[in-house]
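Here is a walk through how the pieces of this protein pack against one another. Have the model open while you read.

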Amino acid sequence: MSASIGAARPQKAAMLVAQRIMRDVVIERLQPGDLLLPERTMLEKYQTGRGTLREALRLLEFQGVIALKPGPRGGPVLQDPDSTHLAGTLVLLMQLRKAPFRSIVEVRTAMEPMISRLAADRMTDESLAELAGTIDRMREHLDQQDLFLEANKRFHDIIAWSSGNPLFGYIVDSLLGIMDGTVIGIDYPRPRRVAIVKAHDEILTALQRRDPDAAEDRMRDHIRAYVRYAEKKYPELLDEVIRWDKMMP
């Protein structure tokens, strides 16, 4: 293994080491918060150079898989990565392909009704209670758009993760920061917010009844109402490309 890694290009060699580290993480059933092996042990185990190992760890850190804890008892710590890195990558790729905001709208129209259908069968009582809580917060903050939209995002996030399919969860979670369109200037006056709360109430009722058909239909109605609103009020913004720097902190 050392010969093949040594013969590879540095970036390729680092990727191979990173893949071996992650394979061992899975085999050893490590959990978020666990320390990985110290550098000296990794050098021996993976038969690689210090520069290649550190580049491998940087690759994993960039992906949000590990954090490098400083200090004498520090080292690489396994993380529970969120969708932030996926979101940045998706928006960057969309910008390079000049894909407009309308692409996000189409993804929502295609995915979210099916996600709601799955959630109707798989959602836990705890998630249903949390979902109801997001609607309560939206009502409480009808006149505070930032807080209202934060609760709105959480509503869609809970349903996505409740589908039982982690890929749906990661995709929707990664799009939450852009799918309401506020990053390109779409605004939601109070009457529109009231309509959103009403739609969320109907979706929640369908999910509480464990009715997949109704959950799918109510979410489809909700997304279509959003599309009609955007097309009527902000037609030019639907064709705007979301820039990567809009997603950067």
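H10 and H11 cross in a left-handed way, where left-handed means that the near helix is turned anticlockwise from the far one by less than a right angle, and right-handed means clockwise. H10 covers residues 190–208 and H11 covers residues 212–233. Helices here are DSSP runs (H or I, at least four residues) and strands are runs of E (at least two), numbered from the N terminus.

Before going further, a word on the source: this is a predicted model, in which local features need pLDDT of at least 70 and side-chain atom pairs count only at pLDDT 80 or more, while totals for chains, interfaces and linings use all residues. Residues are numbered from 1 along each chain as its sequence is written, and side-chain values use heavy atoms, with hydrogens and water left out.

**Helix pairs**

Two packed helices are described by the angle between their axes and the distance between the axes. The axes are lines fitted to C-alpha atoms, for helices over the stretch in contact, and the angles run from 0 to 180 degrees between N-to-C directions.

| Helix pair | Axis distance | Angle |
|---|---|---|
| H10 and H11 | within 8 Å | roughly 165 degrees |
| H7 and H8 | 8 Å | about 165 degrees |
| H6 and H9 | within 11 Å | roughly 135 degrees |

Angles under 35 degrees count as roughly parallel, over 145 as roughly antiparallel, 65 to 115 as roughly perpendicular and the rest as oblique. H10 and H11 are therefore roughly antiparallel. On the H10 side, the residues in contact (heavy atoms within 4.5 Å) include Arg192, Ile196 and His200, and they meet H11 residues including Arg218, His222 and Tyr229. Sorted by type, the residues of this contact come to 11 nonpolar, 2 polar and 3 charged. For that sorting, Ala, Val, Leu, Ile, Met, Phe, Trp, Tyr, Cys and Pro are nonpolar, Asp, Glu, Lys and Arg are charged, and the others, Gly among them, are polar.

H7 and H8 are roughly antiparallel to each other too, and H7 passes H8 in a left-handed crossing. Among the residues making this contact are Glu130, Leu131 and Arg137 of H7 and Phe148, Arg154 and Phe155 of H8.

What about H6 and H9? The angle in the table makes H6 oblique to H9, and the crossing is left-handed. Ile104, Val107, Met111, Ile115 and Leu118 of H6 touch Phe168, Ile171, Val172 and Leu175 of H9. This contact has 9 nonpolar residues, no polar and no charged.

**An aromatic pair**

The structure holds 3 aromatic pairs, counted when ring centres of Phe, Tyr and Trp (its six-membered ring) lie within 6.5 Å, with planes under 30 degrees apart called stacked, over 60 edge-to-face and the rest tilted. In one of them, the rings of tyrosine 188 and tyrosine 229 have centres 5.8 Å apart and planes at 25 degrees, so the pair is stacked. Tyrosine 188 sits in the loop between H9 and H10, and tyrosine 229 in H11, so the pair ties together parts that are 41 residues apart in sequence.

**The hairpin**

Strands E1 (residues 66–69) and E2 (residues 75–78) run antiparallel and are joined by 4 bridges; two strands pair if DSSP finds at least two bridges between them. Isoleucine 66 faces leucine 78, and lysine 69 faces glycine 75. The hairpin has 5 residues between the strands, and glycine 71 takes a positive phi near 105 degrees.

**The whole chain**

Altogether the protein has 11 helices and 2 strands, in the order α-α-α-α-β-β-α-α-α-α-α-α-α from the N terminus. Its C-alpha trace spans about 65 × 40 × 30 Å along the principal axes.
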